[in-house]
Amino acid sequence: MGLDFESLTEATSGAVGGLLSTTFLYPLDTCKTKYQAEVRAGASRKYGSLLDVLREAIESRQILSLYQGLGTKNLQSVVSQFIYFYSYSFFKQWYLQRASLKKMGTGANLIIAAAAGTCTVVLTQPLDTASARMQTSTFGKSKGLRATLTEGNWKEAFAGIGASLVLVSNPAIQYTVFEQLKEHLLQPKVNAAVVDKGQAKIPSPILLSAFQAFLVGAISKTVATILTYPAIRTKVMLQAAESQEDKLLRMNGGGAGEHDRSSGKKGMLQVVHEIWTKEGLLGFYKGLQAQIVKTVLSAALMLMIKEKVAHSTWVVMLALQRWLLTGKSKLKEVKLPPAVIAPVSVAGVALASRASSR
């Protein structure tokens with residue numbers, strides 16, 4: 001199967017959108033994650049709101065620590081967005097070709113989005129876990145990516161994968177709602193911009209305006225976040241780093257097991273039970289407002305940037321495809337004499353041997 005340039009265009013524009021939106025909103029994401037990771041009741045609660053997290057960073061003179069783990073988060077964002085959009089576009093084209101259809105229904109769209117999300121979770125879970133641990137570490141004491149991934153066993157690197165698989169429905173719902181709303185908005189429009197090529201006419205992509213993409217992205221992400229938030233809170237707790245206070249309590253034997261924050265020693269059901277016993281039903285929605293603000297802004301920015309980058313990426317990929325096809329035809333026409341081929345072959349073998357010995 002040849003390289004799917006349409007899927008590659010979707011993946012590239014999605015990765016760029018994810019990278020920029022993650023960077024812009026990272027301090028808010030750090031405050032939100034630390035607030036969600038805390039499970040304490042009454043006077044023992046450290047954070048009453050996101051402002052308490054921000055105040056702690058300012059008072060400890062660690063304001064730049066709001067960006068701890070930014071590199072890992074950006075890497076995870078780019079990789080996950082690329083894998084997700086490439087998988088989604090690839091599965092979509094495959095389904096339409098097999099079913100001989102021009103567009104998908106809501107049910108098929110949801111299944112394909114879930115399949116793309118599953119691929120993304122399995123391949124990027126260690127990066128997601130490392131990012132969460134770096135964000136929830138004590139301000140100023142966050143470790144690097146390699147140290148974070150190697151401080152436990154491989155099972156701990158996949159902490160929260162069960163909750164992550166449940167959350168596959170989040171981007172599936174979001175992207176499905178986005179695509180359906182986008183199709184509804186663009187349906188009455190007639191695309192007048194076409195590129196003449198002999199007798200055939202190749203239409204250029206029809207895109208949403210920046211405001212439309214932002215609004216539709218916000219609506220779609222709000223719906224997905226509200227429906228899946230209990231799993232979001234659970235995943236954060238499973239992946240969170242152990243706080244200094246909880247570590248001291250555990251080492252002194254006070255509350256061991258109750259205050260144990262090691263993600264590798266807790267299961268999803270244990271975390272659900274802990275939230276229920278300490279915070280009650282409303283505990284499953286602790287930080288929902290902050291999550292909606294962050295994720296809605298992030299998703300809206302990502303999809304808006306993706307829509308704006310998509311046209312440029314489509315042009316670049318089309319030019320690249322033509323260049324590759326032209327290059328192949330030129331290579332077939334070039335014939336080197338044996339006197340030139342022999343020395344080049346010998347040099348190539350020598351370089352390959354040297355590279356493999358390093």
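Predicted model: local features only at pLDDT ≥ 70, side-chain atom pairs only at ≥ 80, totals over all residues.
Which helix supplies the largest share of the lining of the largest cavity?

**Whole chain.** Begin with the entire protein in cartoon view. The 358 residues of the protein form 14 helices and two strands. Of these residues, 43% count as buried.

**Surface.** Next, switch to the accessible surface, which comes to about 19400 Å². Carbon and sulfur atoms account for 66% of that area.

**Cavity.** A search of the whole structure finds one cavity of 30 Å³ or more, and the volume of the largest cavity is about 1000 Å³. To centre the view there, select Gln76, Gln81, Asp128, Lys221 and Lys235, which are the closest to the cavity centre of the 43 residues that line it.

**Lining helices.** Then colour the helices that each supply at least two lining residues: helix 1 (5-24), helix 2 (26-37), helix 4 (70-99), helix 5 (106-136), helix 9 (169-186), helix 10 (210-239) and helix 13 (288-333). Helix 5 answers the opening question, as its eight residues make up the largest share of the lining.

Finally, colour the lining by residue class. The lining of the largest cavity comprises 21 polar, 15 nonpolar and seven charged residues.

Technical notes:
Residues numbered from 1 in each chain as written. Heavy atoms only, no water. Helix = DSSP H or I, 4+ residues; strand = E, 2+ residues; numbered from the N terminus. Buried < 20%, exposed > 50% of the residue type's maximum accessible area, 1.4 Å probe, protein only. Areas by Shrake-Rupley, 256 points an atom, 1.4 Å probe, with all protein chains shown as cover. 1 Å grid on protein atoms, 1.4 Å probe; cavity = no way out; pocket = protein on both sides within 12 Å on 5 of 7 lines; lining within 4 Å. Points joined across faces, edges and corners; volume = space filled by probe spheres on them. Nonpolar A, V, L, I, M, F, W, Y, C, P; charged D, E, K, R; others polar.
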